[in-house]
Amino acid sequence: MPFCRNNWTRPVPFSLESCFCDVPVSSNTLGMVKDGPVENKLQALDIQFRELDVTKDNLTQQFEHHSKTLASQAAHDEIWTAVLALGFTSMELNILYSYVIEVLICLHTRVLQKLPDLGRSLPTLASVLRRQVKNKHIRIVWESVLEEYGLQERDVTALCTFFIAHGNKAEHYAANVRRMYIKDVTFMITNMVKNQALQDGLLRAVQVIEKGKAVGTPEHQRAFLKELIPSIRDEPVTQ
C-alpha cells in the first residue's frame, strides 16, 4: 500500500503522570495513604507503651513504699523484742524509765512552747506524733524540737516503745536518787542493751537530761567507754 501522509498521526509522549491523571482519587483513599493500617498500629503501640510506663512507675513507687513499711515494721518489732527481753532489775528499770519519761516530757513541753495556740489540741506527746504526720506546720516544729535536743525519729520510737512496755510498773527516780544507786548509767546501757536502736535511744536520752542535748554520736560514746574499761589482757603480770 502506498504511503499516505494523511493517514499518519504524531505519537503521544508516554509518562507515568498520564497514566493516573484521569484516575479519580477520593478523600478516603488519601486518608488510607496517610493514616494507613501500619500507622494506626504504631500509634496504638505507642499509647500502650506509655500506659505500661505509667503502670510500671506506679508499681515501682508502691513497691518501694511497701518495702520501707516492711523494713520499718521489722525494725520496730526488733525494738519491741529487745525492750521486753531487757534483763534489768526493778531498780535499774526505774532509773532508765526516769530518763525516758523526762525526755518525753521535755519534747512535749518544747512543742507546746512553740505552738501555744494548739495547747488544747495537743494535750499529750502522742497527739503531737499523730498530728505531725498530716499537719505540715506541726511537723516542722516537731522536727526543729528534735534537732534542738539532738534526737532523731528512731530515738523517739525506741523511747516510746520502752515507755509503753514498762511505764505501767516503773517508778520515777529523781536525779539525786539515780546517782545514788548507779554512778555510770551510760556504762550500764552500753553493757546491757544489745539492740542498737534501743541502745542509741537510751544513750541519747541520758545525754539530753544530763547535758541538755545529745552531743556527739552514740558510736563515739561507745568508743570512749571502751577506752575507759581496763583490759585485763593488756595489764602486765606481776610476780
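Tutor: A helix here is a DSSP run of H or I at least four residues long, and a strand is a run of E of at least two. On that basis this predicted model has eleven helices and zero strands.

Student: Why is R204 called buried?

Tutor: Buried means under 20% relative accessible area. R204 comes in at 6%, so it counts as buried. You'll find R204 in helix α10, residues 196-211.

Student: And what makes R204 and D155 a polar contact?

Tutor: The cut-off is a pair of N or O atoms within 3.5 Å, one able to donate a hydrogen and the other to accept it. The side chains of R204 and D155 are joined at 2.9 Å.

Student: How many aromatic pairs are there? And why is Y97 with F163 called stacked?

Tutor: The structure has two such pairs. For Y97 and F163, the ring centres are 6.2 Å apart and the planes sit at 10°, so the pair is stacked: centres need to lie within 6.5 Å and planes under 30 degrees apart.

Student: What does that pair tie together?

Tutor: Y97 belongs to helix α4 (residues 90-114) and F163 to helix α7 (residues 153-166), so the pair links parts 66 residues apart in sequence.

Student: Are those two residues buried or exposed?

Tutor: Y97 has 10% relative accessibility, so it's buried. F163 has 31%, so it's partly exposed, as that class runs between 20% and 50%.

Student: How do you know that the charged end of R178 sits over the ring of Y99?

Tutor: CZ of Arg has to be within 6 Å of the ring centre and within 35 degrees of the ring normal. The charged end of R178 is 4.3 Å from the centre of the Y99 ring, and it does count as sitting over it.

Terms used
Residues numbered from 1 in each chain as written. Predicted model: local features only at pLDDT ≥ 70, side-chain atom pairs only at ≥ 80, totals over all residues. Heavy atoms only, no water. Buried < 20%, exposed > 50% of the residue type's maximum accessible area, 1.4 Å probe, protein only. Phe/Tyr/Trp six-rings, centres within 6.5 Å; stacked < 30°, edge-to-face > 60°.
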